Amino acid sequence: MSELFQISSNPHIRSRVTTSGIMMGVLLALMPATGFGIYHFGPRAVLVIIVTVASCELTELLFGLLRKKMTIGDLSAAVTGLLLALNLPVSIPLWMAALGGVFAILIVKLLFGGLGQNFMNPALGARCFLLISFPTAMTNFAYDAFTGATPLAALKAGESVNLVDMVFGNTGGTIGETSAIAILIGACILLITGIIDLRIPASYLVTFVLFVGLFGGNGFDPAYLTAQLSGGGLLLGAFFMATDYVTRPITGRGQYVYGIFLGLMTGIFRLFGPGAEGVSYAIILGNLLVPLIEKMTKPTAFGYAKGGKRYAK
Amino acid sequence: MAKLTFVGGIHPFDGKSLTKKKRIKDILPTGDLVYPLSQHIGAPAKAVVKKGDHVLAGQMLAESGGFVSAPILSSVSGTVKAIEPRRVVTGDLVMSIVVENDGKYEDVGFAPKANVDKLSKQEILDLIRDAGIVGMGGAGFPTHVKLSPKNPDGIHYVIANCAECEPYLTSDYRRMVEEPMKLVEGLKIILRLFDNAKGIIAVEDNKSDCIETLTKLTKDEPYISVKTLKTKYPQGGERQLIYAVTGRKVNASMLPADVGCIVNNVDTIVAVYHAVAEGRPLIERIVTVTGDAVKSPRNFRVKIGTSYQDILEQAGGFGVTPEKIICGGPMMGFGMFQLDVPTTKTSTALLAFQRDDVSRAKPTACINCGRCVEVCPGRVVPSKLADYAEHFDEEAFLENYGMECCECGCCSYVCPAKRPLTQEIKSMRKLQLAKRKK
């Protein structure tokens, strides 16, 4: 027999889904929110997005050159950069935006081992880093002629808010968080393409609604709840950041626990914390609890009673 | 009726349309026939012929090497040319009997026993054993052993596994289309062994024509029912199938008989029919020759022992140069590096692909996406088990149900990072199983 063929262990076929394909899907799903942000906040939003994406990609590239292991093709740095931009106010100094990108990729991701090893969502890690380091710049939501507070801050102060503006996104806030509709269109893309499922967003949002309904002082008033839901990056967080594969539990049961935890934390931070916001800190705190949640919700294999006997060692 | 199924699984491209509509074709071998002495689970068979002996088709070449073992019979008439180690599909060298075909196909005279209907249980089991029947879906467990559980009265269901969930394979399908009665009769023979058992013919819903025919054929059989399964891989996995049709759960340390079930594949049941009702031992089987690199894909009825090369040539050879040749289905089959190896009792298919997905898929970092967890029918966490295997953390591997993996391949299939998850888990399992034997 002269010719020899390639061999491999089973299975011999592979699905077409790839890591870069998934990242591309996420980028695509972020387009409605990005597009609306640019439309709403003007050309400077484009500049912020370019700076964060470029700083993320460049950090990944340089690190890859140093380590002689190129990982830029997986597009994950682009996703981080875009998510970070969407979480920044449009007026942020560009050097801060760039610093945020470097922090996200280098400190939060690469130093912990790169894609898949980070214990915290890089974009949110960078946002919180910037929020703590430069609180004024990070909470300056003035744009064009508009100088008022974000709707969530107004809501907290007991003022009334325009619900229609909030749902469509005609308010102050970070670049990508204002339009509930744009974010939900993106969420639908993620759900339809199977990139995420509803476990985390649904358990997160339902818990949050119950929490603010019970403790928000307005009961289950639909207008109040709608304002809470569409304000302050909750939807962006629930669909795009809480569902980040690397930093959420891998098992179904763990994901419900995680979503409920995020809902509770966001509610507590929003209602009882000093600021009107709470999503970023809630998710980051949740990220840190993932190992614990995974340990608590370890699945039982098929054919065993819950916690059933295992093989003798 | 509701479609029965299990939790997890995948829907790969099934490729069955390549061969589905073509009738099974009989082919005769052109070269020597090779019979590896180990083509079943258990002790290898012991040769009872020697070099130079003349043998007839159906004559025993090797006897059972123990209780869990099966005899091997010649599929042609001719002369024993050698008894020597030969390469088999897995690449191993296995002691084999080589028979030179005289082209006459004289057989020992196949005839059913008188009054087949009155055979005792032991007589039926003896016929099955002497016919050399083993599980023909791929595992190769001796059938007479499977049909002799400790407590035969505790068997409630005999399940005919007609799922054929592996992509590309259509041999079971063609069998059900062309000879459905043999399946029903074979199942009735097996049911005679178990006084309290009902027969279930479980078919995936992509074979609705078979479901219809079989339902018609069994409408007067009070103890046999036909059930529709959802089309999903690995629906025909023993544990998944039992769960789908009975709701009973079997784990890796249990036997189906522990929950009162016995599962046999279509071809095995037909072989039982041949052995008991017609007196014909297991010397032929149906092999699907398919894939996009094969010129004219089709199902063939071949003499066991024929080389794959021979079968492929009779299927017109390659239309284009293949990158990958597989013995069996694409999910659980073996990659073959050469074609000059014999078919055995467990040879279900020969697949040739133009494009090898695996060598193109460069493994990258796990992104923890959880797709492997969603599809795993064993309900374990494949990405973590593969990590434990990679880091040789035996304790964590066992603690997290590593031994429950059925090696179905779903996790490797779906992984977007293209990690060889199944392979890593499989290597660790093999090692642990070897350790346990010590």
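## Terms and model

Helices, at least four residues long, and strands, at least two, are DSSP runs numbered from the N terminus. The model described here is predicted.

## Chain B as a whole

The secondary structure of chain B comprises 14 helices and 17 strands. A compact globule of 438 residues would have a radius of gyration near 22 Å, so the 21 Å of chain B agrees with that expectation. The C-alpha trace spans about 60 × 50 × 50 Å along the principal axes of chain B.

Of the 438 residues in chain B, 56% are buried. Among contacts in chain B with a separation of 6 or more, 72% are between residues 24 or more positions apart.

One open sheet in chain B has four strands in the order E2-E8-E7-E4, with antiparallel pairing. Its edge strands, E2 (33-36) and E4 (54-55) of chain B, each pair on one side only. Four bridges link E2(B) with strand E8 (residues 93-101) of chain B in the antiparallel sense. Within this pairing, Val34(B) is opposite Val98(B) of E8(B).

Another open sheet in chain B has six strands in the order E1-E14-E13-E17-E15-E16, and its pairing is mixed. Strand E1 (25-26) and E16 of chain B are at the edges with a single partner strand each, so one side of each has no neighbour in the sheet. Strands E13 (residues 284-290) and E14 (residues 298-303) of chain B run antiparallel and are joined by six bridges. Val287(B) has Phe300(B) in E14(B) as its bridge partner. Helix H3 (residues 171-178) of chain B lies across E13, E14 and strand E17 (349-353) of chain B, at about 120° to E13(B).

The domain assignment of chain B gives domain 1 (116-277) and domain 2 (371-437). The centres of domain 1 and domain 2 of chain B, taken over C-alpha atoms, are separated by 29 Å. Contact between them involves six residues of domain 1 of chain B and five residues of domain 2 of chain B. The domain 1 side of this contact in chain B has two nonpolar, three polar and one charged residues.

In helix H1 (residues 121-130) of chain B, the buried residues are Ile124(B), Leu127(B), Ile128(B) and Arg129(B). Their cover includes helix H2 (143-146), helix H4 (180-191) and helix H7 (266-277) of chain B.

## Helix H11

Helix H11 (residues 382-390) of chain B is mostly covered, with seven of its nine residues buried. These are Pro382(B), Ser383(B), Lys384(B), Leu385(B), Ala386(B), Tyr388(B) and Ala389(B). Just after H11(B), a positive phi of about 55° is found at Phe392(B).

## Contact with chain A

Which chain B elements supply at least two residues each to the side that touches chain A? The contact takes 57 residues from chain B and 34 residues from chain A. On the chain B side, strand E15 (324-327), strand E16 (334-336), helix H9 (357-360), H12, H13 and H14 each supply at least two residues. By class, the side of chain B that touches chain A has 30 nonpolar, 14 polar and 13 charged residues.

Key. Residues are numbered from 1 along each chain as its sequence is written. Chains are lettered from A and ligands numbered from 1 in the order in which they are written. This is a predicted model: local features need pLDDT of at least 70, side-chain atom pairs count only at pLDDT 80 or more; totals for chains, interfaces and linings use all residues. A residue is buried if 20 or more other C-beta atoms lie within 10 Å of its own, exposed if 12 or fewer, and partly exposed in between; C-beta atoms are placed from the backbone. Two residues are in contact if their C-beta atoms, placed from the backbone, lie within 7 Å. Ala, Val, Leu, Ile, Met, Phe, Trp, Tyr, Cys and Pro count as nonpolar, Asp, Glu, Lys and Arg as charged, and the others, Gly among them, as polar. The radius of gyration is taken over C-alpha atoms; the globule rule is 2.2 Å times the number of residues to the power 0.38. Two strands pair if DSSP finds at least two bridges between them. Domain bounds come from an automatic or database domain assignment. Axes are lines fitted to C-alpha atoms, for helices over the stretch in contact, and angles run from 0 to 180 degrees between N-to-C directions.
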